[in-house]
Amino acid sequence: MTHQLRRSCVLLHNVKSSSGNREFTATNALNTISPDAWCSSAAFADINHDGRLDLMIGEYVLVKPNDQHFVLFRGVKLSPGPIGYPAQKGRLFVNEGEGKFRDVTRESGLEAVHGKCWGAAFCDFDDDGWDDLYLADDQIPCDLMHNDGLRKGSNIPHFTNIGLMSGTALDGNGNMQGGMGIAWGDYDNDGSMDLFVTTYTNQPKSLYHNDQGSLFSEHSYPAGISQTTYPWVAFGTMWADFTNKGSLDVIIANGHVQDLVHQVDSGNDYPQRIQLFENEGKGTFRDVSIQAGDAFKTPIVGRAVAIADFDNDGRVDALVSNLEGAPVLLHNESSTHDNHWLALDLRGHSGWAAIGARVKITSGGTTQLREVRADGSYLSANDPIVHFGLGASTKIDSLSIRWPGKKWENLTPPTADQRITMRQP
């Protein structure tokens, strides 16, 4: 009888078969992850500028067969939540080429995280050229891991946990929160990447404005987001300019984790509505869910959110997973024909997406910033193509790109209303 190794997480290698077709084969790259690990998220980035994508695996809690799996609350059996279980901390793997990954969690300083992670997303939030990492943790301080760059004599960068110092570890009231999904984006077009973190029921959904200098301030109530999101359990989320007006909107998938919650809380339920917030400019948002279509009126047990312009019509679409049914594909049919757009498919030396590249464009007096990423949200991956709404402007005045590990370079601005593939020189 052959013994098969039990795994909690597997890296699948995309290879060409003998017949010429593409297929996936399981690798042993992540074998240092315990079979008991509750792997919750994954994020790729080139953390050391060697041209290869490295991998962060987030982990949640350790649950053993004899642990208590239910508690009695108001006569109803419910799951006890994360507080009753020990934290798992996740692993960071550096890509050594030829399909080999090395666990550098201790060497990189990633052992300093708190654990109980749901979401993981890289972003160079301080624009120093090195990819930093945010981990959304559940009812424990969240972690913002600053990439300090390479140490002398090492090809592994060191990360420092600045979550508490930066103001992103707790909510605006200084309380721990049930961190779920993550979205990085410059929502106010001030040239700095801001952070949105979805949370549990009866908790503010945290909008951290990047004040620069590694400091953030929580703006969810002044921005008009937490007022209508407060009761819900929010998971997947993503920034996107759904109307091509030149500023980022935000979409949120909601759904409770307790299927019997309505028996103990008459104002809540297991399935909940998807929400869409339109960016009004000047740092404020408006809940437009009711006007966004029938899909936003029908409650589901929402979890993952992924965005892409799947039909290449110049309008960003979204996919929302439903834990208790079929996923919901949201086709963007916004009446934005008077607004213009530009989509850039940036490719690195390998020919694949240039993860970590930054793009700035100026059009109609507004400068917008995007990063090439696929991670974030919750249990999902997004199209790495960067999409810019241009509003009524038909002309792009300037275009700048910073390829991973390189300096900013100015390029000839393209014309609007097209999707362009650009390769790193």
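Select serine 377, which is buried, with a relative accessible area of 1%. Here buried means under 20% relative accessible area, exposed means over 50%, and partly exposed lies in between (1.4 Å probe, protein chains only). The model is predicted: local features need pLDDT of at least 70, side-chain atom pairs count only at pLDDT 80 or more, and totals for chains, interfaces and linings use all residues. Residues are numbered from 1 along each chain as its sequence is written, and side-chain values use heavy atoms, with hydrogens and water left out.

**Two loop residues with positive phi**

Remain at serine 377, in the loop between strand E26 (366-371) and strand E27 (386-391). Helices (H or I, at least four residues) and strands (E, at least two) are DSSP runs, numbered from the N terminus. Although serine 377 is not a glycine, its phi is positive, at about 55°. Most residues other than glycine have a negative phi.

Next, select asparagine 244, in the loop between strand E17 (234-240) and E18. Its phi is near 55°, again a positive value in a residue other than glycine. Is asparagine 244 buried or exposed? Asparagine 244 is buried, with a relative accessible area of 1%.

**Histidine 256**

Contact means heavy atoms within 4.5 Å. Leaving aside residues up to four places away in sequence, histidine 256 touches several residues, among them Tyr200, Val233, Asp269, Tyr270 and Arg303. A polar atom of its side chain lies 3.1 Å from the backbone nitrogen of glutamine 258.

**Histidine 209**

Now select strand E15 (residues 206-210), which holds histidine 209. Histidine 209 is buried, with a relative accessible area of 11%. Which side chain makes a polar contact with the side chain of histidine 209? It is that of aspartate 190, at 3.3 Å. A polar contact is a pair of N or O atoms within 3.5 Å; within protein, one must be able to donate a hydrogen and the other to accept it, and residues adjacent in sequence count only if both atoms are side-chain atoms. Not counting residues up to four places away in sequence, histidine 209 also touches others, including Tyr187, Leu215, Phe216 and His219. Select serine 192 as well: histidine 209 and serine 192 are 17 residues apart in sequence, and their C-alpha atoms are 8.7 Å apart in space.

**Aspartate 313**

Move to the loop between strand E21 (302-308) and strand E22 (317-322), where aspartate 313 is found. Aspartate 313 is partly exposed, with a relative accessible area of 26%. Its side chain reaches the backbone nitrogen of arginine 315 at 3.0 Å. Aspartate 313 touches His331, Asn332 and Trp341, not counting residues up to four places away in sequence. Select arginine 419 too: it is 106 residues from aspartate 313 along the chain, yet their C-alpha atoms are separated by 9.6 Å.

**The whole chain**

Finally, display the entire protein chain, which has 3 helices and 30 strands. Its radius of gyration is 21 Å, close to the 22 Å that the globule rule gives for 425 residues, so the chain is as compact as a globular protein of that length. The radius is taken over C-alpha atoms, and the rule is 2.2 Å times the number of residues to the power 0.38. Along the principal axes, the C-alpha atoms fill a box of roughly 65 × 55 × 50 Å. Of the 425 residues, 52% count as buried.
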